[in-house]
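Take a moment with the sequence and the fold below. A short tour follows, stop by stop.

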Amino acid sequence: MRVLLLSDIHSNLEALEACLAVAPPHDLVVNLGDIVGYGASPNEVIARARGLGKFFVRGNHDKASAGLMDLKDFNPIAGLAALWTREALTPENLEWLQALPQGPLVVEGLPNVQFVHGSPIDEDEYVVTLRDALEPLLSSTSAITFFGHSHLQGCFSGNDFGGDAYRPAYRTVGQNETSDLPLKEGQHYMINPGSVGQPRDGDWRAAFAVYDSDTRIVTFCRTPYNLKQAQERIMSANLPPRLATRLAAGR
């Protein structure tokens, strides 16, 4: 089974469409949360994402925009974006966001694999370093965990003898590129496909991944998108300008 992994779209319709345009053939799509927040196209992104399939876990921005969590843990810009999104959502899309399930999610036909937003231990936990990853890696009953939330494409692996971190290496910052990671037997993995709509690893291109359960290969992908149009949407919506300018830096 080939699984298209999308995460942290953050209402960036241009980035989502670019990813879908270059995504290789796949059997299903799993969305790892934060469909909305930050960007200016929440209703359009929800409509597009729902049309791709039924497998979703909720993210913290989904919860915030749906009125399901306090905004005290959000920085002021993120909080303003969540409030703007809540007002912009159609009643149907607001109800849909409110009903999104908490991870971990398991999918029939994918044994020993789970899908979360933050980590299997806490849906809002940031897994950024190998030290962050060790506890969920070693405590999880699933050998493979796909997660989002950090906006950092790559993976962590570990077993009883130690752990390792991996970031895909790319040659450019302006073209479509892929990087394959074969998964080894006897290892546990936490794998982040990267952020579709707001990467934070210094690469502005939209990020996603594909997992082939037969070959046990994860293909990390980056693709350029219409950055200017995404920025103009944000500015036209009177969202904080920082949300537009940061897209170009990939931060």
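What volume does the second largest cavity have? The second largest cavity has a volume of about 40 Å³. A cavity here is a set of points on a 1 Å grid over the protein atoms alone, where a 1.4 Å probe fits but cannot get out. Lining residues have an atom within 4 Å of a point. Grid points are joined across faces, edges and corners, and a volume is the space filled by probe spheres set on the points. Rolling a probe the size of a water molecule over the atoms shows where empty space is left.

Before going on, note the ground rules: this is a predicted model, in which local features need pLDDT of at least 70 and side-chain atom pairs count only at pLDDT 80 or more, while totals for chains, interfaces and linings use all residues. Residues are numbered from 1 along each chain as its sequence is written, and side-chain values use heavy atoms, with hydrogens and water left out.

Stay with the second largest cavity. Its lining consists of Leu6, Val29, Asn31, Ala49, Leu52, Gly53, Phe55 and Phe56. Strands β2 (28-31) and β3 (55-56) each supply at least two of the lining residues. Strands (E, at least two residues) and helices (H or I, at least four) are DSSP runs, numbered from the N terminus. By class, this lining has six nonpolar, two polar and no charged residues. Nonpolar covers Ala, Val, Leu, Ile, Met, Phe, Trp, Tyr, Cys and Pro; charged covers Asp, Glu, Lys and Arg; the others, Gly among them, count as polar.

The count comes to two cavities of 30 Å³ or more. Helices α7 and α8 (242-249) each supply at least two lining residues. The most come from α7, with three. Six residues of this lining are nonpolar, seven polar and two charged.

Now turn to strand β10. Buried means under 20% relative accessible area, exposed over 50%, and partly exposed in between (1.4 Å probe, protein chains only). In a regular strand the side chains alternate between the two faces of the sheet. Both faces of β10 are covered. Ala206, Phe208, Val210 and Asp212 are buried on one side, and Ala207, Ala209 and Tyr211 on the other.

What are the neighbours of β10? Strand β1 (residues 2-6) pairs with β10 in the antiparallel sense, over four bridges. Two strands pair if DSSP finds at least two bridges between them. Leu5 stands opposite Ala209 in β10. Strand β11 (residues 217-223) also runs antiparallel to β10, joined by seven bridges. Here Asp212 faces Ile217 in β11. The two strands form a hairpin with four residues between them, and Arg216 in the turn has a positive phi of about 60°.

Arg216 leads on to the salt bridges. A salt bridge is a side-chain nitrogen of Lys or Arg within 4 Å of a carboxyl oxygen of Asp or Glu. The structure holds 13 of them. In one, Glu185 meets Arg216, the closest N and O atoms being 3.4 Å apart. Glu185 lies in the loop between β8 and β9 and Arg216 in the loop between β10 and β11, so the pair ties together parts that are 31 residues apart in sequence. Glu185 is exposed, at 64% relative accessible area. Arg216 counts as buried, at 19%.

Another salt bridge joins Glu177 and Arg205 (3.1 Å, N to O). Glu177 is in strand β8 (residues 177-182), and Arg205 is in the loop between β9 (188-192) and β10, 28 residues apart. Both are buried. Salt bridges that share partners join Glu177, Asp201, Asp203, Arg205 and Arg222 into one network.

Arg205 has a further neighbour. Gly174 touches both Arg205 and Pro224, not counting residues up to four places away in sequence; contact means heavy atoms within 4.5 Å. Gly174 lies in the loop between β7 (162-166) and β8.

Conventions:
On a 1 Å grid over the protein atoms alone, a cavity is a set of points where a 1.4 Å probe fits but cannot get out, and a pocket is an open set with protein on both sides within 12 Å along at least five of seven lines; lining residues have an atom within 4 Å of a point.
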